[in-house]
Amino acid sequence: MPRVVFTSHLQRHVAAADCQVSAPTVAAALDAVFRAQPQARGYVLDEQGELRKHVFVFVDGRRAALADAVRADSAIHVLQALTGG
Amino acid sequence: MALYVATRKGLFIIDTARWTLARPHFLGDAVSAVLAHDGAIYAALNLGHFGVKLRRSEDRGESWQEIAPPAYPAKPEDSADKTPWKLLQIWTLEAAGDTLWAGTNPGGLFRSSDRGESWSLARGLWDRKERGEWFGGGYDHPGIHSICIHPRERRHISVAISCGGVWQSGDGGESWRLAAKGMHADYFPPERKHDENIQDVHRMVQCPSRPDVLYAQHHNGVFRSADGAATWHELSAIAPSKFGFAVAVHPKDADTAWFVPADKDERRLPLDAKLVVARTRDGGASFEVLRKGLPQEHAYDLVYRHGLAVDETGEPAADVRRALCLGRRQARHCLR
């Protein structure tokens with residue numbers, strides 16, 4: 001199952017535990033994570049369900065979008081984009 | 001009494017009896033608005049990466065609970081609106097009775113009747129076709145920075161927008177009308193300079209004891225209304241300059257108001273590097289320039305929209321100066 005890893009910067013504001021979820025895309029993986037950890041959803045996604053402007057997602061080391069596919073052994077890293085300050 | 005100072009570096013609470021700082025809150029995070037109301041403190045955070053958050057404390061800041069920030073509805077697919085329907089900043093928080101109001105960027109006014117647990121967008125204002133003519137002032141998108149609630153008729157609300165003029169509701173925020181007649185933007189093309197919908201009011205305040213009197217620090221000068229914002233007239237006697245962001249009005253004396261003039265719009269510094277406050281005591285017919293206690297050399301700080309406050313007594317000018325010194329550079333004050 002893909003593994004989702006959150007930046008430690010996020011932990012300062014809200015609990016967001018790394019976890020493994022079964023999902024075919026980044027969006028599905030994050031959705032699964034946020035169903036279990038609803039408090040973290042608004043920190044990564046905005047009210048329209050889109051990735052926040054200053055949040056990056058990398059899949060296996062490559063910058064990714066929500067619609068991108070993930071493999072069963074992918075690592076999904078969610079981190080702060082430096083454009084956000 | 002406590003002075004709540006919201007800054008880009010956190011929220012600071014000052015005991016105004018001794019002028020001492022207590023433990024800072026949200027240190028290192030931008031606090032864009034603060035409100036103390038009915039035993040609670042509300043703090044709006046603007047986390048650079050992780051969005052706008054809202055926290056509430058029921059114990060004077062000992063602990064904070066995360067509550068839902070306002071959320072914009074989904075933009076209709078056929079909408080030609082170029083403004084994002086996303087919360088970018090809570091620019092001001094106000095309250096009257098059981099109702100909280102949040103003025104936001106990109107221009108939505110939100111209301112909560114459950115102490116901030118949930119919010120609803122005032123669609124009567126958001127859906128006005130005139131909103132398409134609003135534009136950003138200091139930000140990419142327009143924002144509501146001033147909310148004035150009539151102290152006796154709480155359904156009577158006036159808001160000011162950078163840049164979208166002054167709008168007023170008499171029915172609790174259901175329907176709205178423009179209320180910027182008499183303001184002018186001389187930097188606009190001549191045929192548009194009196195357009196009420198494009199006026200850049202930097203900050204607007206209403207006198208609690210005489211709510212028909214309002215003051216506005218506008219991009220183009222200083223204005224006063226004595227008829228509940230039906231009409232405005234310019235106070236050209238303001239000194240040392242007419243440009244600035246902050247304004248405060250005496251709670252009991254509608255003829256007394258304070259401004260913090262800056263050099264001019266293309267160079268946003270105190271004039272001659274001296275920080276001063278301009279005060280009128282005659283409704284704007286004349287102004288005196290207050291300098292005592294303020295930096296009079298090498299002062300390069302701008303006092304931004306919410307960086308000036310007076311307390312309920314309105315009298316201790318020294319407190320105003322001290323608040324100014326503490327809150328220079330984009331501070332937002334809430335004095336309760």
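User: How many residues of chain B are in contact with chain A?
Analyst: In this predicted model, 18 residues of chain B contact 18 residues of chain A.

User: What area is buried there, and how much of it comes from carbon and sulfur?
Analyst: About 1,400 Å² is buried between chain B and chain A. Carbon and sulfur atoms give 46% of that.

User: Which residues in chain B lose the most area to chain A?
Analyst: B:His49, B:Phe50 and B:Lys86. Together they make up 51% of what the chain B side buries.

User: How many salt bridges between the two chains?
Analyst: Three. One of them joins the side chains of A:Arg12 and B:Asp29, at 2.7 Å from N to O.

User: Which element gives the largest share of the chain B side?
Analyst: Strand S6 of chain B, residues 51–57. It supplies three residues to the side that touches chain A.

User: What's the split by class on that side?
Analyst: The chain B side has 10 nonpolar, three polar and five charged residues.

User: Switching to chain B itself. What domains is it divided into?
Analyst: Domain 1 covers 1–67 and domain 2 covers 76–335. Their C-alpha centres lie 21 Å apart.

User: How many residues are in contact between those domains?
Analyst: In chain B, 29 residues of domain 1 contact 29 residues of domain 2. The area buried between the two domains is about 2,400 Å². Carbon and sulfur atoms give 61% of that area.

User: What about salt bridges and polar contacts between the domains, how many?
Analyst: Two salt bridges cross the interface of domain 1 and domain 2 of chain B. Seven residue pairs are in polar contact between those domains.

User: Which elements of domain 1 give two or more residues to the side touching domain 2?
Analyst: In chain B, they are strand S1 (2–7), strand S4 (31–37), strand S5 (40–47), S6 and strand S7 (65–67). The largest share comes from S4(B), with seven residues. By class, the domain 1 side of chain B has 19 nonpolar, six polar and four charged residues.

User: What does B:Glu58 form a salt bridge with?
Analyst: B:Arg115. The closest N and O atoms are 2.8 Å apart.

User: Is B:Glu58 buried, exposed or partly exposed?
Analyst: B:Glu58 is partly exposed, with a relative accessible area of 42%. B:Arg115 also counts as partly exposed, at 30%.

User: Which residues are in the salt-bridge network there?
Analyst: B:Arg56, B:Glu58, B:Arg115 and B:Glu117 are linked in a network of salt bridges.

User: How many salt bridges over all chains?
Analyst: The structure holds 23. Among them, B:Arg18 pairs with B:Asp15, with the closest N and O atoms 3.1 Å apart. B:Arg18 is exposed at 62% relative accessibility, while B:Asp15 is partly exposed at 25%.

User: How far apart are the closest N and O atoms of B:Glu288 and B:Arg281?
Analyst: They are 4.0 Å apart, in a salt bridge. B:Glu288 counts as partly exposed, at 31% relative accessibility.

User: New topic: B:His145. Where is it found?
Analyst: B:His145 is in strand S12 of chain B, residues 143–149.

User: Buried or exposed?
Analyst: B:His145 is buried, because its relative accessible area is 0% and the cut-off for buried is under 20%.

User: What does its side chain reach?
Analyst: The side chain of B:His145 reaches the backbone oxygen of B:His202, at 3.3 Å. Leaving out residues up to four places away in sequence, B:His145 touches several residues, including B:Trp91, B:Ile161, B:Val201 and B:Arg305.

User: Last one, chain A. Which residues of helix H2 are buried?
Analyst: In helix H2 of chain A, residues 26–36, the buried ones are A:Val26, A:Ala29, A:Leu30, A:Ala32, A:Val33 and A:Phe34.

User: What do they pack against?
Analyst: The buried residues of H2(A) pack against strand S1 (3–6), strand S2 (19–20), helix H3 (41–44), strand S3 (55–59) and strand S5 (75–80) of chain A.

Note on methods
Residues numbered from 1 in each chain as written. Chains lettered and ligands numbered in written order. Predicted model: local features only at pLDDT ≥ 70, side-chain atom pairs only at ≥ 80, totals over all residues. Heavy atoms only, no water. Helix = DSSP H or I, 4+ residues; strand = E, 2+ residues; numbered from the N terminus. Buried < 20%, exposed > 50% of the residue type's maximum accessible area, 1.4 Å probe, protein only. Polar contact = N/O pair within 3.5 Å; in protein donor to acceptor, adjacent residues only side chain to side chain. Contact = heavy atoms within 4.5 Å. Buried area = accessible area lost by both parts, 1.4 Å probe. Nonpolar A, V, L, I, M, F, W, Y, C, P; charged D, E, K, R; others polar. Domains from an automatic or database assignment.
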